Amino acid sequence: MTPEAIRIVSQLRREFYSLFATAMEMPVSITNGSSYASNSSMASWIDRRRQLNYVCVYAHTAPDELVPERPFILRVAINKGAGVIVAAKREKDCRGFNQSWHFELTLLPEEILDFLPWIVSFVKSHEKCSTSFVLEPPHPFDFKMSNVLLFHEAWTQKAWQQLSNSLVVEKEVSEVNWKN
């Protein structure tokens, strides 16, 4: 990742976790890691079943020195990723981490803070097992909100479009290079 991409991920992660902790209206622990791409940094909380849940923000794809035109796309992972076992051992009165559901939202950096209220409502909807608590997303998805609790992965349309466009360009460049 470029130094600018690293700075942006770190800044967005800190802001997202802080706002998430406030919006959850329950105790949320924020673990700060030193890696910009791994899941060592996360926000975690204990649910009513005394299971550890967590959210991680990381770069799914990002520009780097070798491929500066690579799209900058983030992922918000809920209950999915590395480093959870360590966090689960530190929490008192915890029965282990929640393995009953997980979700990944892939989006653009400029969309992440817009999605914060939606993500909080999504987490709370799983706690209550009802979609009636899920807000309308601030940016379009490619699935129906009525089935949101059944999905484990979603991409915003803009993130999907950026990735698709970059793959088309990569294919065209490799075809030109192959012909030459």
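Accessible areas are here those given by the Shrake-Rupley method with a 1.4 Å probe. On this basis the protein, which is a predicted model, has an accessible surface of about 10100 Å², and 55% of that surface belongs to carbon and sulfur atoms. Of its 180 residues, 43% count as buried, and among the contacts with a separation of 6 or more, 56% are accounted for by residues 24 or more positions apart.

The secondary structure of the protein consists of 4 helices and 6 strands, which follow one another along the sequence in the pattern α-β-β-β-β-α-β-α-β-α. The 6 strands form an open sheet of mixed pairing, in which the order is β1-β2-β3-β4-β5-β6. Because β1 (29–31) and β6 (153–155) stand at the edges and each has a single partner strand, one side of each is left without a neighbour in the sheet. From one strand to the next, the twist averages 20°.

Within this sheet, strand β4 (residues 73–78) pairs with strand β5 (residues 103–107) in the antiparallel sense, over 5 bridges, and valine 76 stands opposite leucine 105 in β5.

Two of the helices can be described by the strands across which they lie. Helix α1 (residues 3–24) lies across β1, β2 (42–46), β3 (52–61) and β4, and runs at about 155° to β3, whereas helix α3 (residues 112–128) lies across β2, β3, β4 and β5, running at about 165° to β5.

Methods. Residues are numbered from 1 along each chain as its sequence is written. This is a predicted model: local features need pLDDT of at least 70, side-chain atom pairs count only at pLDDT 80 or more; totals for chains, interfaces and linings use all residues. Side-chain values use heavy atoms; hydrogens and water are left out. Buried means under 20% relative accessible area, exposed over 50%, partly exposed in between (1.4 Å probe, protein chains only). Contact means heavy atoms within 4.5 Å. Two strands pair if DSSP finds at least two bridges between them. Axes are lines fitted to C-alpha atoms, for helices over the stretch in contact, and angles run from 0 to 180 degrees between N-to-C directions.
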